[in-house]
Each structure stands twice: as C-alpha cells, then as structure tokens.
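Dear colleague,

Here is the structure I said I would pass on. My notes on it follow below.

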Amino acid sequence: MEVDKGKGEAEETRKVAEADRDTVTLKSSDGKLFEVSKEAAARLSTVLAGMIAGGSIDDNGTDLKQIGSEALENVVDYCNKHANSIPSAALISSSISFNTAPFKEPEEWERKFVDRLSHDALFDLVEAANFLGMERLLDVTCHKISEMMKGKSPDQIREVFNIKNDYTKEELEEIRQELAWAFYDD
Amino acid sequence: MASQEEQQPGWSNLPSDLLRLIAQRSRDAVTGLAAFRSVCRTWRAAVGPAPRLLLPRAGSASDPTLVFPLARGWSIVVDARDASCHLSHLATGAAAALPKLTNAVRDIYGHRPDAVRSWAFHRTYAAFTYSLRFAIHVPPDDSDPTAAAAGMTVMMYHLMHGRTGMLFCRPGDAAWTKVKKPNPLQHGCLRYGFFDFVYHDGKMFGMGGTNGQMAVYDAATLDVLHVVPTPPVPSKLSSKMYGRTTKMYGVAVDLEDYDYINLVSLPSKLILVMTSVKSSLPVAFNIFELRSTPDGGLTWHK
C-alpha cells in the first residue's frame, strides 16, 4: 500500500480544490506526509471528522504533532484497510456508544494488523488512536494488549511490558495476600 | 519514531483512561482485575482498589445483623433481634424493605408460637436465622437498582421448614407467602428439605429431598406444575446450603466423595451444576439442562 507520499505529489494534490478531494493529508511529528481517504478518516476518527467538518484540514498536511511517522503510517494503513474490507454499519454504531456497546471481536484482518506490530509500535498506535478519537482502533489495540496479559501473573505481566515493580516490600506482601487464592500455592 | 522513545515505551505511564480500557479487556471471570492492579502503582490507581469479597456473616451480640450476599450486588440483611429484613444493594446504597421474617416463622409454627425457641438447635434468633437461605430473582434490566428492586422475587427456605416448603415475597409485600411442597400422594416423594431453589422464567424451582427431585411451581398461582425426576447421576447428592451430610440417622458418616448441587438460572434456560468433590477437592463438574419431554414433562439433560 502506498501511504508515504512524496513532497511533490502532495504539492500537486494541493492544487485540487479542497472540497473536491476525497483524501486528506496528515503530517507526522517528524514531518512525513500521509494521505488517507477522507471518508474513512471521518468515519473512524472523531477528531479528524471534527477537523474536516470544521475546515481545519491543511492541504499541505495537517499537523499531528503528537504522532510519530511510524504510528501515523499504521493509523493510515488501518483506515485504508478498513475502507476496503469492512461493511461499516455495525462498526459505526459500536463506536458511537463506545462505553455501553459490547465490544465486537476483532476481525481476522484487524487481528493480523495488530499481531505484526512490535511492542513499541503497538504502544504508539494505542496513543495515536486515543489522540485521534479512533474508538474502533482503540478497541482493537486494547484487546491485543489485554490478550498479552491473559493468564499471566503480575510478575509475568511486568516482564512482558518491561514495567518496574514500584511497590514496597510491605505493599507486595499485602498484594500477595490479596492474590494468594488466584496465583500462589500455599 | 522519536529517539527518546528508543528504550521501552512507558507502559506504566499510559493515561489512566487508556489503562482502564485495557484493564476492562483483560478482566477474566475468575481473577477479575487482580493481576492487573498488582503490576504497579499507576495501573492500580487506574482501576481502583480491589473489591472486597462479601461473605455471609453471622450475627453477634454487638452486631446482630446478618448479611446474605446474593446475585448481582444485592444482599439480604437480616436483623437477628427481631428478624426484620431488607434488600440492600451495596454498590449504590439502594434498599427495599421486606416483610419481617417473624411472621414467616409464625406462619410455619403458628400452632406453636414459641416453637422457634423450643428447637434445641436454635436457642436464639441469631442461631435460627443462621440457617436461613435465600435466593433472589433480579429483573434483567437492573441499571436502576431502585426500580429493579420492585421487580424482584425473593425466595427463602429454612432448614427447619422441613416438609413445609419454602417462602417467597416481593418487596412491598405485607408478609411472606408460603409455597407448599408437592403432595407426596400425587407427585411422589419429595419430603425433606430443599438443597437449592431458584426462580426462572415465571416459575420457582425447589430441588430437594434425599433424592434430588425438583418441584416446579408457577410463581403466580403457586400450583405445582411438575416434579422433575432426579438427574441421571449416582445418588450421593449433598447440600451446598447446609454443608455436607456428615450425619445420617444420627450416625456420623464421613463421606469421602459426594456431589454439590447448584441451580443456575440463565436468561434462556435453567441449568444444574453438579460439583463432584473427593477428599475435599473438586474433581469434576457436570452440567445438566432442564428440557421438556415429549409427554409434556421436564427432565434433566446432560
């Protein structure tokens, strides 16, 4: 998939009147430009939908200073794949009432999409999805992260995510007692 | 990606709303969020402290209330001084009054008003109420606890009701209603206490006897609709409600293996979960589903 458009191409598309374009150009924190279907962006991201509706999309590349190029590439990739592969009605309704609608299991392609990501890339993508208000993508990434924890003890989870154990000795003992029935034999 | 992120991303530093999302997905049926909140301080802060397990509590002289934790956050709280009781939803503070149990007791022992005290096992109300067992039916939509309480059915059975049957009431009732046991002549043997009882789909079910038969009542008319035959298992049923059977005819029998019974009302069906216990450890689960038979009866189906 061609997502990383060169400068020249971006300049060319700028000449087309904004209203006629069916893509928007996004600019990562490190200055790379990406093009994404306007329809998909508006449908999958509440933030981009708001920007498109409010006319604050910049043809030269809308600055997304919080998102690095790798994460933005994944976001755009996700949007394009989504536009191509999913009948959207069900997903739209699930993303509108995010807090109450039951989570719809990831589609096969969504699963593959997050499975290939490194921990770092997954982390950045969760943050990007959160920043852009992409609730379905947030669902899918959070689901992936939670799967990485399933059935693991706190120690194992810390190892997977390289998290420092910042509890004191006393607190650990307390936690151990809280969890004794679930994780420890004695 | 930017170079300061080259090490490991700060999984412990994700915004707490994101952590909560992840936590909710990682919840599992047995351990809940126990592991998640034990990873580090930020993760714990995101999901809050561990919930306390609510255990049944017997009354004492200083605190004569008994708490019977039931389904979906509801408990029944009984005051052992006067056997008054109410429904309580701990999480929201919702409550609903129930009729006093004293009336229920008098209904049963009406011909001998002092009978409660005369039982050798139960010298006080506290001891008496300790053998109470409850089951509740909560309407499926319980988003508003106060409204949900109005639609509830509460069932109660006491060890000493013996062949009398169980009681039920709904919040706002003036008294508990007695549900008679099926007539032995008409429906066969179901003479002794109930193992377990449950409400499902407009009917009340009481499983009991020494043989695991189950009486089915119409919750509106209290008619006995069916007596469901014993589930197809070797007969070593024990009661989860009153502990295992260790005495038979006054002789201590230490059963090495036996089966606990739980009736579980699911939205679409009634199931029976049987936990086989051997030397105090669960060794097997069997699940039966209540199904109609061609001749209009009901039977347990494995």
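At what angle do helix α8 and helix α9 of chain A pack, and how far apart are their axes? Before that is answered, the conventions: this is a predicted model, in which local features need pLDDT of at least 70 and side-chain atom pairs count only at pLDDT 80 or more, while totals for chains, interfaces and linings use all residues. Residues are numbered from 1 along each chain as its sequence is written, chains are lettered from A and ligands numbered from 1 in the order in which they are written, and side-chain values use heavy atoms, with hydrogens and water left out.

Helix α8 (residues 135–149) and helix α9 (residues 154–161) of chain A pack at about 130 degrees, their axes 9 Å apart. Axes here are lines fitted to C-alpha atoms, for helices over the stretch in contact, and angles run from 0 to 180 degrees between N-to-C directions. α8(A) and α9(A) are therefore oblique to each other (angles under 35 degrees count as roughly parallel, over 145 as roughly antiparallel, 65 to 115 as roughly perpendicular and the rest as oblique). On the α8(A) side the contact (heavy atoms within 4.5 Å) involves Ile145(A), Met148(A) and Met149(A), which meet Ile157(A), Val160(A) and Phe161(A) of α9(A). The residues of this contact divide into six nonpolar, no polar and no charged (nonpolar being Ala, Val, Leu, Ile, Met, Phe, Trp, Tyr, Cys and Pro; charged Asp, Glu, Lys and Arg; polar the others, Gly among them).

Asn162(A) lies in the loop between α9 and α10 (169–183) of chain A. Its phi is positive, near 55 degrees, in a residue other than glycine. Most residues other than glycine have a negative phi.

Chain A as a whole has ten helices and three strands (DSSP runs numbered from the N terminus: helices H or I, at least four residues; strands E, at least two). Of its 186 residues, 45% are buried (under 20% relative accessible area; exposed is over 50%, partly exposed in between, with a 1.4 Å probe and protein chains only).

Two further helices of chain A have a buried side:

- In α3 (residues 46–53) of chain A, the buried residues are Leu48(A), Met51(A) and Ile52(A). They cover an arc of only 100 degrees around the axis, which puts them on the same side of α3(A) (the arc is that of the directions from the helix axis to the C-beta atoms). These buried residues pack against β1 (23–27), α2 (38–44) and β3 (62–63) of chain A. Thr46(A) and Ala53(A) are exposed on the face turned away. Gly55(A), with a positive phi near 70 degrees, follows α3(A).
- In α6 (residues 108–115) of chain A, the buried residues are Trp109(A), Glu110(A), Phe113(A) and Val114(A). Their arc is within 130 degrees, so they line one face of α6(A). Exposed Glu108(A) and Lys112(A) are on the face turned away from that buried side.

Chain B has eight helices and 19 strands, and 45% of its 302 residues count as buried. Gly151(B) sits in the loop between α7 (145–150) and β6 (153–158) of chain B. Gly151(B) is partly exposed, at a relative accessible area of 40%. Leaving out residues up to four places away in sequence, Gly151(B) touches His137(B) and Pro139(B). His137(B) is 14 residues from Gly151(B) along the chain, and their C-alpha atoms are separated by 8.5 Å.

Regards
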